[in-house]
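Work through the following exercises with the sequence and the model open. Each task is followed by its solution.

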Amino acid sequence: MIQPLLLSSPPLSPGTTGDVTTHAPLNITADVAIVGGGIAGLTAAFLLKRAGKTVVVLEANQIAAGTSGHTTAKLTSLHQVIYADLIKEVGEEKARLYGESNQAAIEQVATWVAEENIDCDFSRQSAYSYAETHDHLDQVKAEVEAALRLGLPASFVQETTLPFPIAGAVKFEHQAQFHIRKYLLHLAQQIAGDGSYVFEHTRVETVEEGAPCRVITQQGVVQASDVIVTTNLPILDQGLFFAKSYAKRSYIIGAKIDPARAPQGMFIGVEQGYHSIRTTPHDGGLLLMIGGEGHKVGTVTHTEKNYQKLEAFAHERFGIDAIDYRWSTQDYVSFDKIPYIGRLTPFNEHIFVATGFSLWGMSNGTLSGMILTDAILGLENPWASLYDATRATPFLKPESLKENISVGVHWIGDRLKGLQSSTAALAAGEAKVLTVDGKKSALIETKPDRFTLFLRSALT
Ligand SMILES: Cc1cc2nc3c(=O)[nH]c(=O)nc-3n(C[C@H](O)[C@H](O)[C@H](O)COP(=O)(O)OP(=O)(O)OC[C@H]3O[C@@H](n4cnc5c(N)ncnc54)[C@H](O)[C@@H]3O)c2cc1C
């Protein structure tokens with residue numbers, strides 16, 4: 001049986017990471033409570049602790065073992081192809097902020113790795129987004145041009161170390177890759193102690209805003225001045241993030257590869273059915289990781305085929321016959337490609353969220369920790385407004401509502417039934433305050449095409 005590779009070191013147990021523990025949180029007070037121990041939560045906790053705050057991280061399962069423990073962990077601001085689209089859709093200034101902030105997140109990780117001497121296989125690499133066919137060459141060239149306009153380290157190349165020809169690629173220099181779980185376990189070790197805690201196996205049921213805020217778990221209540229919810233998709237309904245993003249699942253296989261034949265760098269295709277490719281040090285040799293066969297969650301039932309297609313690709317392109325690891329995981333994709341980082345709703349002063357990393361959470365998740373720390377410390381952050389979680393944003397399209405309901409995503413579906421009927425009567429360009437889930441309401445408006453809904457604000 002092929003096992004998942006939890007980009008992993010030994011499982012955590014009490015004592016292995018300082019005060020990380022499975023003990024119940026009973027009743028504790030801290031400056032900041034953080035719900036969810038992935039890259040977003042642990043980065044925020046690490047920064048806040050460094051800034052002198054006491055923090056309590058509450059993780060339902062194991063830290064660094066959710067999406068963050070199962071990623072390909074490319075740390076790059078080259079997010080497949082995004083900059084040409086961003087310039088078109090949100091303008092050059094915002095696109096520049098997106099690139100600049102993601103570059104800053106890479107450098108932040110690099111700084112910590114150096115300062116703290118973190119043993120996490122961190123290495124500088126070039127990132128490539130490649131087109132195999134000439135049909136997509138214009139897209140690649142447009143991305144190079146856009147990235148250069150924004151001051152990003154881009155160039156156009158036609159040669160790579162991949163063992164198959166490409167038509168052309170965007171190359172970003174001085175990006176990085178790392179072993180995310182080793183990195184995050186190190187951050188966790190620095191968080192616990194001196195009035196701060198990391199609790200595993202502690203599921204948060206809800207969070208109540210107040211002075212202080214109350215974070216309710218089955219084992220007790222944590223009181224905190226501020227709360228950050230980084231559960232990949234926020235567990236709270238307010239803010240309607242379940243309708244401002246969609247879940248995408250992707251598959252990864254890992255196989256030992258002769259270092260002499262291994263590609264150097266981090267690669268992702270730009271065509272439909274693209275693959276994501278990188279190597280990682282493993283067992284004294286190199287492991288080739290190939291990701292792909294991604295799809296919206298709920299649209300594919302026989303996932304075995306997805307692995308088979310990846311294995312066929314590994315065989316055809318890299319001559320690999322034996323697969324050592326395989327796993328899949330999912331992340332939330334924001335409809336406007338920009339993550340949601342900031343206050344839960346315009347009415348929440350002390351509850352913050354970070355979600356919608358769109359499968360680029362190594363830089364975006366780090367960035368969310370930086371932005372939310374500044375928000376809690378009352379510091380200006382040059383990128384905060386771009387990522388404002390309460391911004392007007394494209395919303396779930398009516399046809400997607402049916403899809404979500406039909407696949408039995410009840411948590412989402414039940415809430416969207418109301419939304420679907422409430423928006424059905426909206427004419428082109430109209431706006432409406434509507435009730436979702438019987439309690440909450442949101443100001444929704446349609447674009448002239450009537451099929452794109454915009455969430456103006458989520459109200460409580
Ligand atoms: C296949 C794949 C490949 C990827 N590759 C890359 C890549 O190469 N580079 C890149 O930048 N990004 C990549 N990503 C994206 C990246 O992995 C994610 O964006 C990122 O890991 C998300 O981090 P997170 O902290 O939001 O979520 P998570 O890591 O999932 O952390 C959330 C945590 O919250 C916990 N939680 C949930 N509910 C509760 C609750 N009620 N109480 C307490 N805790 C709770 C969960 O157990 C979990 O540990 C990839 C994503 C996928 C799917």
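The model is predicted, so local features need pLDDT of at least 70 and side-chain atom pairs count only at pLDDT 80 or more, while totals for chains, interfaces and linings use all residues. Residues are numbered from 1 along each chain as its sequence is written, and side-chain values use heavy atoms, with hydrogens and water left out.

**Exercise 1.** Describe the shell of residues around the ligand.

Solution. Start with the count: 34 residues surround the ligand, a residue being near if one of its heavy atoms lies within 4 Å. The closest are Glu-59, Ser-68, Thr-72, Asp-331 and Met-362. Next, sort the shell by class: 13 residues are nonpolar, 17 polar and four charged. Here Ala, Val, Leu, Ile, Met, Phe, Trp, Tyr, Cys and Pro count as nonpolar, Asp, Glu, Lys and Arg as charged, and the others, Gly among them, as polar.

Then look for N or O atoms close to the ligand. For Thr-72, the distance from a side-chain N or O atom to a ligand oxygen is 2.7 Å. Val-204 instead places a backbone N or O atom 2.9 Å from a ligand nitrogen. Finally, take the area: the ligand alone exposes 1,000 Å², and the protein buries 94% of that (Shrake-Rupley method, 1.4 Å probe).

**Exercise 2.** Compare the span of helix α3 with the expected one.

Solution. Helix α3 covers residues 92–115, which is 24 residues; helices are DSSP runs of H or I with at least four residues, strands are runs of E with at least two, and both are numbered from the N terminus. From first to last C-alpha, α3 reaches 34 Å, close to the 34 Å expected (1.5 Å times one less than the number of residues). After α3 comes Asn-117, with a positive phi near 55°.

**Exercise 3.** Classify the ring pair Tyr-98 and Tyr-387.

Solution. Rings of Phe, Tyr and Trp (its six-membered ring) pair if their centres lie within 6.5 Å; planes under 30 degrees apart are stacked, over 60 edge-to-face, and the rest tilted. The count by this rule is 14 aromatic pairs. For Tyr-98 and Tyr-387 the centres are 6.2 Å apart and the planes at 35°, so the pair is tilted. Tyr-98 sits in α3 and Tyr-387 in helix α8 (residues 384–387), 289 residues apart.

**Exercise 4.** Which residues does Gln-125 contact beyond its neighbours within four places in sequence?

Solution. Gln-125 belongs to strand β5 (residues 123–131). Its contacts (heavy atoms within 4.5 Å) are Phe-172, His-174, Gln-175, Ala-176, Gln-177, Gln-264, Gly-265 and Met-266. Of these, His-174 is in strand β7 (residues 168–177) and has a positive phi of about 60° although it is not a glycine.

**Exercise 5.** Where is Pro-212 located?

Solution. Pro-212 lies in the loop between β9 (204–208) and β10 (213–217). The peptide bond joining Ala-211 to Pro-212 is cis, with omega about 5°.

Technical notes:
Polar contact = N/O pair within 3.5 Å; in protein donor to acceptor, adjacent residues only side chain to side chain.
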